[in-house]
Amino acid sequence: MRRRTYLQVAATLGAAGLAGCSASGAGNPDVVLPEPDREFDSSDLPYPAWGERLPDVTLPAPLADREVALRSVDRPQLLTFFYSHCNSVCPVLISALRNVQTHALNEGYGDEVAFHPTTFDPERDDADRLRTYGEEMNVDLAAGNWRFLRPASRGRAEEVVAEQFGVSFERTHPEEMEVYMFAHAALTLLVNADGYVERAYREKQPDPETMIADLETVRNG
């Protein structure tokens with residue numbers, strides 16, 4: 001499944017921000033959460049959305065020295081897309097997932113959820129960098145439920161993150177900085193154990209409490 005890439009990030013984010021949740025849970029036997037109250041169908045969106053199956057993607061998890069087939073994860077999972085040199089949106093996205101991980105470990109369901117943040121900057125985000133970044137973000141890398149995923153090349157990152165998941169990213173070169181950065185969209189996905197999207201959070205600051213509540217419903221569904 002190939003998806004359209006965002007060409008107008010801001011415009012798309014604005015449209016997607018209209019979504020909320022309805023009270024009804026009917027409509028799709030593949031998911032537990034009700035269909036979001038929105039003005040368009042999942043098939044109209046450029047990213048995997050409610051009731052749709054994840055793209056059939058396998059990515060390296062360099063800190064675990066293994067690969068992860070996203071459709072084969074046998075428990076609910078949370079995914080987001082980032083690069084570790086980001087100083088704006090990405091730390092917030094990673095912190096939100098980290099907060100959910102902390103809640104899961106403290107409340108005793110850490111082995112019932114997986115976390116798969118995926119970098120779109122494999123040139124800089126190698127295993128050492130990802131380990132350091134995880135420690136800086138206070139992620140429990142030893143818990144066994146958090147895997148940083150890293151496409152093998154810049155081209156593979158484009159193919160997976162932009163084309164398969166519909167998350168646009170464009171390299172920029174700020175005048176005041178010596179390193180390149182990215183302009184990019186924000187997307188966090190809650191996926192059930194069968195590989196179907198339960199929620200697509202489009203906010204740049206997703207609410208961990210909302211994700212924890214949605215995850216609980218999915219875990220118990």
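Predicted model: local features only at pLDDT ≥ 70, side-chain atom pairs only at ≥ 80, totals over all residues.
Let me begin with the aromatic rings, where the count comes to 12 aromatic pairs, a pair being two rings of Phe, Tyr or Trp (its six-membered ring) with centres within 6.5 Å, called stacked if the planes are under 30 degrees apart, edge-to-face if over 60, and tilted for the rest. One of these is the stacked pair of Phe 82 and Tyr 133, with 5.7 Å from centre to centre and 10 degrees between the planes. This pair links distant parts of the chain, since Phe 82 belongs to strand E5 (residues 77–82) and Tyr 133 to helix H3 (residues 127–136), 51 residues apart; helices (H or I, at least four residues) and strands (E, at least two) are DSSP runs, numbered from the N terminus.

Residues are numbered from 1 along each chain as its sequence is written, and side-chain values use heavy atoms, with hydrogens and water left out.

Which residues make up the aromatic cluster? Phe 82, Phe 115, Tyr 133, Trp 146 and Phe 148 form one cluster. Within it, Trp 146 and Phe 148 are edge-to-face, because their ring centres are 5.8 Å apart and their planes stand at 80 degrees. Phe 82 counts as buried at 0% relative accessibility, and Tyr 133 is buried at 4%, where buried means under 20% relative accessible area, exposed over 50%, and partly exposed in between (1.4 Å probe, protein chains only).

Finally, Arg 124 lies over the face of Tyr 180, 3.6 Å from the ring centre.

Methods: Lys NZ or Arg CZ within 6 Å of the ring centre and 35° of its normal.
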